[in-house]
Amino acid sequence: MSIATTIDAVTLLRGKGHRRPHVDRALCGGLRAWLNDEYFALFGNDTITRISRSPWTLTHGQGPSSTLSLARSALVMALCTQRLLGATITHPMDDALSVLESDVTQTPLTYEIHNLEPERFSLLAAEVAAHDEVLAQQLRSVPGAWLPRFHLRTSLALHGEQVSLTAMTDVMFGPPPKEIASVALLDITTTTHDDHITNELRIRALLETLRSGVQPFAVASLSSATGSLALLEVQEADLVEGVHLCVAGIKAALHG
Amino acid sequence: MAERPLVIAASPSAISRVLSGASHSVAHLDPGLRRALATRVAGVAPARSLGFIRLDGYVITKVLNGSALRTDGPFHWTPRATRRIIGGPAAQLVLSGVSPEPLSAVRGEISRLLNQAESRQELRSGSLARWLYEAPESLRVAVTAEALTYASEVIASVDLGLLDGTIDPSVNDPQWAVPGAPWISLRGRRDLDVVSALVPGQRSILALRTGTLGLWAARDLGIVALSAALCRPDQPLPARIVGLWGASGRALVLPVTPAIIKQAAREVLSCVEALNHRISRAEAA
């Protein structure tokens, strides 16, 4: 995996066509069966417990999120979409907030934002503007032919629905693959990348493989805090490691 | 032997093959069932003064499961609410080869609506065109993102090279207003119609769904089949409805038979009865 501080994350993510792997149609079924076997061994006679995990919680554990960090993340994601579609942003906080306000599912969050004390609101606005500056440097508008898709959910039920692996993909590019892997995923994070980033990307790659039946050729995470892009060109070994991580994460949740 | 409902992986090739296949037996909607459903629904319908009732698979499942229906207050436009309205025509333009890619098609649709609002200032205030016209630029971009995502999902769900049939360019969901109680309508939310190359008039329907393939998926698809049949009584029943739950990578293939249609009609009637009962109880309280 590479970590780069570079200009134009999307072009870097797209990479060179000749490096993309051939599609292995049997791989997904094998990985799913392997995971189910491992979970069967882990759960044993327990048919009651249900566990839900995401790439983040599998690698970092469950942790509380503050309103400010949730707000920052939602606002920055709104700006990311604007940047990728070539919008001109003059007032980052206002533009992002108007998008958030139009989303009924974000009503509690926008309520919280509007109720922030003036100093904290100004601080948040300044932070959002700083993140947007990074996005402006890193993101170019995406050609429509790449079929960009935003905010896609993955929700996989395994082991008789006792294990639920979920993920939110911020941006997906590429048409459905035929012979060569053709889909890439991009996650935007407002935090800095830590030691877990490679594993998080491996799990994301695995979940997309299980969802679509075909592995993505690349998975990346762009930090809007630093501008660094963590890029994983997905190999079979990454998916295998992803299975180990998903098993270990559920084992930890089950047995503490 | 009759086909049975089948869960398959949601790959474009598998979806295209299933959509392309004609039914082994061609059936038509029983006109008696259509008449009986209209009469019985009108007989148990809540009063017109209580407003319009729009039934679809989601509402019917909620009501029959005894769940409360969401009351979000009066409708207002959001980027999410526009995704199928703008993304649907854009996807059709790409699939029919008129537009090379979905982003330009979506932008074209938005421009068309903006022009409509600009040239006809008298457009009613709640219309999508007027809302877009008055929206800030950032909101229009958010609308573009939603519609583009939807259009790209529709386009990516099928492999045109494997699709043996033609895509019906009409983009509206089939909607049947109950004769005798036209304030009640049944809508089948679907995203793509493929007209068979083998059986004239026969079609298969693709319905994109969010979330995971759950217990009530077949009921939801049955309602899509019924509404399509009621709206085109002169045409053969759809061969099959393919529900695609993209988040879980699974699709449910529901072959449409007269028994499926009858079952869906019973559920519509039960739903209207249950709604009437709820309203009566609420009024009594």
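Predicted model: local features only at pLDDT ≥ 70, side-chain atom pairs only at ≥ 80, totals over all residues.
Next, select B:Arg84 and B:Asp191 and show their side chains. They form a salt bridge, with the closest N and O atoms 3.3 Å apart. Two salt bridges are counted between domain 1 and domain 2 of chain B.

Now zoom out and colour by domain. In the assignment for chain B, domain 1 takes in 6-70 + 164-284, while domain 2 covers 80-157. Their C-alpha centres are 26 Å apart. Where they meet, 17 residues of domain 1 are in contact with 11 residues of domain 2. Together the two domains of chain B bury about 960 Å², and carbon and sulfur atoms account for 55% of that area.

For the last stop, pick B:Gly249, in the loop that joins β8 (240-245) to β9 (250-255) of chain B. Is B:Gly249 buried or exposed? B:Gly249 has a relative accessible area of 3%, so this residue counts as buried, the cut-off being under 20%. Show its surroundings: leaving aside residues up to four places away in sequence, B:Gly249 touches B:Ile8, B:Ala9 and B:Ala10, along with A:Arg211 from chain A. To finish, draw a distance from B:Gly249 to B:Leu186, 63 residues away along the chain; their C-alpha atoms are 28 Å apart.

Methods. Residues numbered from 1 in each chain as written. Chains lettered and ligands numbered in written order. Heavy atoms only, no water. Domains from an automatic or database assignment. Contact = heavy atoms within 4.5 Å. Buried area = accessible area lost by both parts, 1.4 Å probe. Salt bridge = Lys/Arg side-chain N within 4 Å of Asp/Glu carboxyl O. Helix = DSSP H or I, 4+ residues; strand = E, 2+ residues; numbered from the N terminus. Buried < 20%, exposed > 50% of the residue type's maximum accessible area, 1.4 Å probe, protein only.
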